[in-house]
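Have it open while you read.

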Amino acid sequence: MTQNFSVADEVIKAQNNAYRHNNKGLLYLQDNYYYGAIKEFQIAIDLNPNTQASAAYYVNLAKTYEIIGYDNLAQPNYEKAVSLNVMCFEYYLKLAENYKKLGIIDKKLKELQTKKYSPLNDILIGLLYIQNGYVTTGITVLDDFCNKEPDLLVTSGVRNYIDNLVKEKL
């Protein structure tokens, strides 16, 4: 008598599953099913919380919170996204816009200016000045950043943003 055994070597790949949950969240978001989108983005984050790739999951969650009017819940997600992927200019811009919605630009400017210095702080400082209406000062800060850090990946995003701002002003 022969016995047949079947063995499945099931390896759970959290990063792949996180990617799938993020995509499912994007589909829910497209269908305006915000509760489902939030749950899927949160699952993606829980599966893969601290990698550069997961920064996109945090941004997607933050955007969903903003859509439904919970800007305060969006803030920590934008902050986490920036901390995980410091080379993505869009994340800085979204964070600065969120700070404006929350009315905390002055507070955040003060924090950044007294915080241990990092050249990357200048990106957010420049954007906060612009969000606060001090466009020329903001452009100057961002331009100085580009001159000091010409080889960083984020610099091209900053430079494009400055160019678009200048074109709009003309």
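1. A definition to start with: buried means under 20% relative accessible area, exposed means over 50%, and partly exposed is in between, with a 1.4 Å probe and protein chains only. At 11% relative accessibility, Phe89 counts as buried. Of the 170 residues of the protein, 41% are buried.

2. Some housekeeping. This is a predicted model, where local features need pLDDT of at least 70 and side-chain atom pairs count only at pLDDT 80 or more, while totals for chains, interfaces and linings use all residues. Numbering starts from 1 along each chain as its sequence is written, and side-chain values use heavy atoms, with hydrogens and water left out.

3. On the overall fold, you'll find nine helices and zero strands (DSSP runs, numbered from the N terminus: H or I of at least four residues for helices, E of at least two for strands). The radius of gyration is 20 Å, whereas a compact globule of 170 residues would be near 15 Å (C-alpha atoms; the globule rule is 2.2 Å times the number of residues to the power 0.38). Along the principal axes, the C-alpha atoms fill a box of roughly 85 × 35 × 30 Å.

4. How many aromatic pairs are there? The count comes to two, taking rings of Phe, Tyr and Trp (its six-membered ring) with centres within 6.5 Å; planes under 30 degrees apart are stacked, over 60 edge-to-face, and the rest tilted. Tyr28 and Tyr33 have ring centres 4.9 Å apart and planes at 80 degrees, so they are edge-to-face. Tyr28 is partly exposed at 23%, and Tyr33 is partly exposed at 41%.

5. Phe89 and Tyr161 make a tilted pair, 5.2 Å centre to centre with 50 degrees between the planes. Phe89 sits in helix H5 and Tyr161 in helix H9 (residues 153-169), so this pair links distant parts of the chain, 72 residues apart. Tyr161 is buried too, with a relative accessible area of 16%.

6. Now the largest pocket, which holds about 310 Å³ of space. A pocket here is an open set of points on a 1 Å grid where a 1.4 Å probe fits, with protein on both sides within 12 Å along at least five of seven lines; lining residues have an atom within 4 Å of a point. The lining has 15 residues, with Val82, Leu112, Lys115, Asn121 and Leu124 nearest the centre. Helices H4 (71-84), H5 (89-102), H6 (105-114) and H7 (121-131) each give two or more residues to the lining.

How values were computed:
Points joined across faces, edges and corners; volume = space filled by probe spheres on them.
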